[in-house]
Every structure is written in structure tokens, then in C-alpha cells.
Amino acid sequence: MSNSVYDSSAFLPRTMRSLLIAVVLMVLSMPVVVQAAAVQVTVNVQNLAPTNSVSFTPLNLGFHQGIFDSFNIGQPANSALTPLAEVGDGSAWQSAFAAADATATLGTIGGVLQPGESLSANFLVDPILNPYFTFAAMAIPSNDFFIGNDSPTAFQLFDNAGNLQLTQINQTARQIWDAGSEVFDPATAAFLSGVDGSLNNPQNSVVSFNFAELAALNGLTTAAGYPFHSNLTADSQIYNISFEVSPVPEPQNVAMLIAGLLILVGVNMRRLQQAT
Ligand SMILES: [Ca+2]
Ligand SMILES: [Ca+2]
């Protein structure tokens with residue numbers, strides 16, 4: 001350390017130290033809200049079905065551009081949806097989703113969700129790029145029943161400015177789908193005690209609404225141990241998905257801001273030192 005620097009810093013200690021402390025305090029007290037492309041979306045799922053009624057496999061979901069079409073009513077379920085509807089395996093569905101929309105935010109929530117249970121998970125979402133929400137989960141016990149949206153643009157969570165405009169999605173029993181891929185048969189249904197749910201008698205039919213068939217499983221014991229009873233009417237609430245948005249803290253940007261201000265302070269200190 002040279003004498004001149006040492007001398008000048010000794011000459012200017014109070015004003016410069018006060019200025020530096022003031023700037024640092026000002027920066028640290030600034031709200032950590034840096035304009036970001038992504039927001040954090042907390043998704044909460046709740047099984048609203050009556051006691052002993054349907055459970056659900058993990059929810060497969062995607063925030064997307066509105067181009068991935070999971071299935072169509074009146075048409076056969078594709079090979080990506082079939083394993084999700086028959087055994088709750090969403091891996092092919094996730095792959096097909098990613099292939100159709102490379103920038104989508106995809107994920108799952110859960111475990112098996114029994115009546116009365118809820119779960120939540122967080123996802124980083126670009127609300128401008130991916131304003132739409134698509135979901136699918138198997139309803140169990142069943143052979144090939146599921147919940148999900150037919151239209152890829154059915155649920156636009158974010159408006160054109162990126163603000164959350166849809167805070168929840170409700171599903172009633174009348175919205176349960178039959179994938180049309182496996183014949184109804186308690187001997188091959190998933191999520192029944194002592195039954196191999198991977199067995200399959202091909203139905204060779206199309207996707208249609210169907211919840212009434214579930215009542216034919218009444219009295220059978222589920223894999224979770226509870227005695228199944230559908231207890232469903234068309235208007236029965238069965239499932240709720242809700243959304244909350246919070247900003248994504250960006251520590252890197254804040255650190256860069258502080259570093260930039262400290263450099264400015266240093267430059268000004270040198271100028272003051274040179275001026276004196
Ligand atoms: Ca469709
Ligand atoms: Ca079926």
C-alpha cells in the first residue's frame with residue numbers, strides 16, 4: 001500500500017465511510033423484486049371425492065403454449081395417454097408433451113391422493129411464454145378412467161400481460177373420462193387389493209365421459225385398504241387444482257447490482273482523492 005493512498009484515505013475517512021455505509025444500507029434495504037421472466041407457481045391439488053370413493057394417481061401437469069393436445073373426445077386414446085389412464089404411468093405422456101412443446105414447464109404432484117387429502121408443489125413458469133395449463137391423472141380404482149383437459153387452451157392461467165387470471169380448476173364426477181382402451185373388469189382394474197392392474201383386455205373404443213361404471217366396484221377393497229364405494233353423482237366435487245404466484249428471488253442480479261454500486265462508490269472515492 002502506497003503512502004499517498006494511505007494518506008488520502010486517512011484524510012477522507014469520515015465522509016467516504018459514511019457515504020459507503022449509506023449506499024450499502026440503501027441497497028440492502030431495497031425490496032428484492034427484480035423484474036424476472038419467470039414466476040413461481042404453487043400448485044395445490046385436493047381430492048374432494050366422498051369418503052371411500054375415488055383416489056387419484058400423481059397429477060401430471062404442464063404449463064405451456066397451448067399446442068399440446070392430450071386427447072380428443074370420441075377418438076382413441078393415444079399411446080402416450082393409455083399408460084397414464086390404465087396404470088397411472090405418466091412418463092410417455094410427459095415425453096410426448098416435451099416433444100410437442102419444448103419450452104413447456106412439466107412436472108408431477110404426488111403420490112396417490114386419497115379422498116380428503118391434498119398436496120402441493122412449486123414450479124418456475126414463464127407466464128408470457130407458457131400461459132396455458134394442462135393436466136392428467138388416473139382415477140383409481142378403475143381400468144382406464146382419468147381426469148384431464150381435452151382442449152389444450154381450456155385453462156389459460158395467465159393473461160397477455162403475464163398476470164394470473166385463473167386461480168383454480170374444479171372437477172366434478174361428470175368430468176371423469178373413460179380412455180376406451182381397457183374393458184371394464186374388476187379382475188384387471190388398478191388399485192384393487194390382490195389384483196394385477198397391469199393386466200389388460202383391450203377395449204378398442206374411444207375417449208368418453210364415464211363415472212357411473214365406478215359404482216360396479218362398490219364393496220371391493222382398494223390397495224390402500226379402504227372399502228371402495230363410489231358415492232358419486234354427476235355433480236359430486238372430486239378434484240380441485242389451485243394456483244398461487246410469487247416472484248422468483250434473483251440473488252445473482254441483486255449481487256450484481258450491489259457490485260456495480262460499490263464500483264461507482266470506488267470511482268467517486270478516487271475522484272475525490274485526486275481532487276484533494
Ligand atoms: Ca383435444
Ligand atoms: Ca374402459
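Thr-172 stands opposite Gln-237 in strand E11 (237-247). The strands E8 and E11 pair in the antiparallel sense, over five bridges; two strands pair if DSSP finds at least two bridges between them. Together with E5 and E1, these strands build an open sheet of four strands, in the order E5-E1-E11-E8 and with antiparallel pairing. At its edges lie E5 (118-125) and E8 (168-172), each of which pairs on one side only. From one strand to the next, the twist averages 15°, where axes are lines fitted to C-alpha atoms, for helices over the stretch in contact, and angles run from 0 to 180 degrees between N-to-C directions.

The model is predicted, so local features need pLDDT of at least 70 and side-chain atom pairs count only at pLDDT 80 or more, while totals for chains, interfaces and linings use all residues. Residues are numbered from 1 along each chain as its sequence is written, and chains are lettered from A and ligands numbered from 1 in the order in which they are written.

The chain has five helices and 11 strands, taken as DSSP runs (H or I, at least four residues, for helices; E, at least two, for strands) numbered from the N terminus. Of its 276 residues, 31% are buried; a residue is buried if 20 or more other C-beta atoms, placed from the backbone, lie within 10 Å of its own, exposed if 12 or fewer, and partly exposed in between.

The largest nonpolar core holds 53 residues, a nonpolar core being a set of buried Ala, Val, Leu, Ile, Met, Phe, Trp, Tyr and Cys residues joined through C-beta atoms within 7 Å. Among the members that touch the most others are Phe-56, Ala-139 and Phe-146. Strand E6 (132-140) gives the most to this core, with eight residues. Beyond its neighbours within four places in sequence, Ala-139 is in contact (C-beta atoms, placed from the backbone, within 7 Å) with residues including Val-54, Phe-145 and Ile-176.

Helix H4 (91-100) also contributes to the core. Its buried residues are Trp-93, Gln-94 and Phe-97. Because they cover an arc of only 100° around the axis, they lie on the same side of H4; the arc is that of the directions from the helix axis to the C-beta atoms. On the other side of H4, Ser-91, Ser-95 and Ala-99 are exposed.

Finally, Asp-144 sits in the loop between E6 and E7. This residue counts as buried because it has 30 C-beta neighbours inside 10 Å.

Conventions:
Two residues are in contact if their C-beta atoms, placed from the backbone, lie within 7 Å.
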